[in-house]
Amino acid sequence: MAHAAARTTRHESVAAADADERMHDWQVAGEAWGRAAADWSCLYEHYAAEVLAAMLAATEVGAGTSMLDVACGAGLALRQARGCGAEVAGIDASANLIAIARKRNPGADVRLGSMFDLPWNDESFDAVISVNGIWGGCQRALGEMRRVARPGALCAISFWGSGPPLDIRPVFKVFAHHAPARHVDGMRSTNEIARPGVAERMLIEAGFEVVRRDARVSTIEWPDADTAWRAISSGGPAQPALEHGDRSEIRHAVLDALQPQRDEFGIYRFSNDHQFVIARVNPAT
């Protein structure tokens, strides 16, 4: 299933910018994701706990292995992998999130930069993961993941599925309604990966052999409306709407969208279909 032609050298991978990089400006993305870094890292990043545990197990991350997390955010996955005994490295576009990741993971190789140009040598890692960091239009990033993974390495990417459940959809609709049109078009393109077979095709085209696709239900809870709003509004996709629209109006609409997830104790329970694909670097390519 893997394509021999997909195996690239570092020189080839950092050639002139391609469509992926034009669509995904990593510095702009980093600024958006870093605007509420403390809220994101403490109130929202653990949304991926179920899928992260499954991905670490499936990629055989443990004592004596080296793992890279692409788009590592505030370093939660790195912390979990270190807890399994792994040597970890990570990269993210947000300087603020990277600063938190370094605090969480003293001594880890955590770098600020672009997933389209990973600053590590070929065949450096036993496992490479990306938790909701690679979306539609990020083909080049998958090529970079493959380049830095050792032959036979297991790699994994995750992304939102099409549900059910999909509590995030009505929230995204609110942000899309208040965001500039160009951002809405970009969201449609990145969400293409949720369509059946798209992630597998992207991995195969990057030179991976797909092992399997699986899913978990990602669940996160917030004790009150203020905490729920701080968490939801901390993510990168919220920032264009918050800059472009009326913040109080958006807050009201988001909390209305979240109301069905509020239980009799006032707790907001936010659940979503969380898909992931495991792939292997074919030693023959």
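Buried residues account for 54% of the 285 residues in the chain, buried meaning under 20% relative accessible area, exposed over 50% and partly exposed in between (1.4 Å probe, protein chains only). The structure is a predicted model, in which local features need pLDDT of at least 70 and side-chain atom pairs count only at pLDDT 80 or more, while totals for chains, interfaces and linings use all residues. Residues are numbered from 1 along each chain as its sequence is written, and side-chain values use heavy atoms, with hydrogens and water left out.

The chain contains 14 helices and 7 strands, defined as DSSP runs (H or I, at least four residues, for helices; E, at least two, for strands) and numbered from the N terminus. Its radius of gyration is 18 Å, close to the 19 Å given by the globule rule for 285 residues, so the chain is as compact as a globular protein of that length; the radius is taken over C-alpha atoms, and the rule is 2.2 Å times the number of residues to the power 0.38. Along the principal axes, the C-alpha atoms fill a box of roughly 55 × 40 × 35 Å.

An open sheet of mixed pairing is formed by 7 strands in the order 3-2-1-4-5-7-6, two strands being paired if DSSP finds at least two bridges between them. Strand 3 (109-112) and strand 6 (208-222) stand at the edges with a single partner strand each, so one side of each lacks a neighbour in the sheet. Strand 5 (residues 149-160) pairs with strand 7 (residues 268-281) in the antiparallel sense over 7 bridges, and Ser-158 has Phe-276 in strand 7 as its bridge partner.

The structure holds 8 aromatic pairs, counted where ring centres of Phe, Tyr and Trp (its six-membered ring) lie within 6.5 Å; planes under 30 degrees apart are stacked, over 60 edge-to-face and the rest tilted. The rings of Trp-33 and Trp-40 have centres 5.0 Å apart and planes at 75°, so this pair is edge-to-face. Trp-33 is partly exposed, with a relative accessible area of 28%, whereas Trp-40 is buried at 8% relative accessibility. The ring centres of Trp-40 and Tyr-44 are 5.0 Å apart with planes at 50°, so that pair is tilted. Trp-40 and Tyr-44 lie 4 residues apart in helix 4 (residues 37-44), separated by about one helical turn, and both are buried. Trp-33, Trp-40 and Tyr-44 form one aromatic cluster together with Tyr-47, Trp-160, Trp-222 and Phe-270.
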